[in-house]
Amino acid sequence: MTTVLVASEVKKTFIMHMRGGVELPVVANVSFSLKAGSCAVLGGPSGVGKSSILKMLYGNYGTDSGQILVQHHGRHVDVASASPRTVLEIRRDTIGYVSQFLRAVPRVSALDVAAEPLLIRGVSQAIAHQRARELFAELNLPEKLWSLPPATFSGGEQQRVNIARGFITDHPILLLDEPTASLDAANRAVVIELIARKKAEGTALLGIFHDHDVRNAVADHVIDVSAFAAGKAAA
Amino acid sequence: MSHSDTLEALAAAGIAAPVKPLLSVEGLTRVYGKRIGCADVSFDLWPGEVLAIVGESGSGKTTLLNCISSRLTPTCGTVHYRMRDGATADIYKMAEAERRYLMRTDWGFVHQNPIDGLRMTVSAGANVGERLMAVGNRHYGNIRNTAIEWLSRVEIDEDRVDDQPRTFSGGMRQRLQIARNLVTEPRLVFMDEPTGGLDVSVQARLLDLLRGLVSDLGLAVIVVTHDLAVARLLSDRMIVMKEGRVIEAGLTDRVLDDPRAPYTQLLVSSILQV
């Protein structure tokens, strides 16, 4: 299986200038790789830095040092040092991300929220909306919600819009931040099925799952983030 | 192999053709006597990219915007713009007439207060049509039809085309100003606090409209705002200014979610949660 992402010796510290410059070490020495067609899971207790790692891979958090090499358009690009323009291009074509919470935009319908990643890649609105409707139907999102802005949806409904948005493209790498946290058992099963399909298509997935059943059903291997805990690395 | 063949081969290999920036700002500085308006600002803007300039009042955002858009002469520094013919020109070395033509056609400028960007005593249709006449359109029927089409794109009813903007609400005036700017299909639009002074529901509608127009038309935009939520919604990249200098720059969500500079952390932590 092809390696599509390699993180090596990635380090992250928050410096809180509002509190007199106190340093908050998050992770250090983060090193792992992701392979096409498999699903890795970030493990470890809350607050150990799992979400921060996903956010660094997506370019949403900066890194202090280390490299995050991604196979992008047939070459290797370091997300940690890439220009904003390159990071945007990587997000458009190579790395997809299902965030924990949906950031709702006023007046934009659920259908448009889910279809957007296809639209920015130049897919026609008709096809993008069709794909979004198929995913909504599969995720049991009530049809009467599809044309409404998701701001007033329940947590589980918003999460399903977010999942549809993340799964709608064929990005080679997909990051999942607790995508099943607010879902009932039936919809968790749908997400497990969607992940299995992505794996079969050759996508490399990296996720955070607190739900044991989901984790056991999807994980090919577990990356123990406590090993990268900043305190440990300093010792 | 011809140039176009090479580009096709690159495209086939999944490599984007090398594109030059639309706008290159280098070392731009404006001083007012001993006070600094903006100092040593440099960045590139690419076609279709939206850049937000944020910072509190007096941080030099508007001075910078005016220096880039040739409304205020900088003390030193350069602004290069890639013209429609592909040639790059230093906008402060252009003839005045050429620069004015550029501003009327390939650039737009949306003011915070629509009164500064509209003619309040001529009709809405004439406000839009005027920019078309500036680029050489003379056929009254065509100009009127294009004006009506643009009014509908900015959600203004056709039956208001003959009304003067002084009879419009604040939100409608701002939408009219946007139509007036976009009718000549500019490639670069400057916006100074475009949603300032509007109440939140009107602001949401305007932001939604702007987002749609920017992506449909592939506009490059430089938007000055003190509202970080507006910056997050509209922009790809942002620069944070304080006392005339850039203190942090990067991808918009990176700057807002992982702010590094003490001042950016202060700004982000000062946002009120609803």
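## Interface between chains A and B

In this predicted model, 21 residues of chain B are in contact with 16 residues of chain A, contact meaning that C-beta atoms placed from the backbone lie within 7 Å. On the side of chain B that touches chain A, at least two residues each come from helix H8 (200-217), strand E10 (245-251), helix H10 (252-257) and helix H11 (262-269). H11(B) gives the most to this side, with four residues. Helices (H or I, at least four residues) and strands (E, at least two) are DSSP runs numbered from the N terminus.

By class, this side of chain B has eight nonpolar, four polar and nine charged residues. Ala, Val, Leu, Ile, Met, Phe, Trp, Tyr, Cys and Pro count as nonpolar, Asp, Glu, Lys and Arg as charged, and the others, Gly among them, as polar.

## Packing of H5 and H7 in chain B

Helix H5 (residues 124-134) of chain B packs with helix H7 (residues 170-182) of chain B at an angle of about 25 degrees, their axes 7 Å apart. H5(B) and H7(B) are therefore roughly parallel to each other (angles under 35 degrees). Axes are lines fitted to C-alpha atoms, for helices over the stretch in contact, and angles run from 0 to 180 degrees between N-to-C directions.

The contact is made by Ala124(B), Asn127(B), Val128(B) and Arg131(B) of H5(B) with Leu176(B), Ala179(B) and Arg180(B) of H7(B).

## Helix H1 of chain A

Helix H1 (residues 50-57) of chain A is mostly covered, with eight of its eight residues buried (20 or more other C-beta atoms, placed from the backbone, within 10 Å of the residue's own). Just after H1(A), Gly59(A) takes a positive phi of about 80 degrees.

## Conventions

Residues are numbered from 1 along each chain as its sequence is written, and chains are lettered from A and ligands numbered from 1 in the order in which they are written. In this predicted model, local features need pLDDT of at least 70 and side-chain atom pairs count only at pLDDT 80 or more, while totals for chains, interfaces and linings use all residues.

How values were computed
Two residues are in contact if their C-beta atoms, placed from the backbone, lie within 7 Å. Angles under 35 degrees count as roughly parallel, over 145 as roughly antiparallel, 65 to 115 as roughly perpendicular and the rest as oblique. A residue is buried if 20 or more other C-beta atoms lie within 10 Å of its own, exposed if 12 or fewer, and partly exposed in between; C-beta atoms are placed from the backbone.
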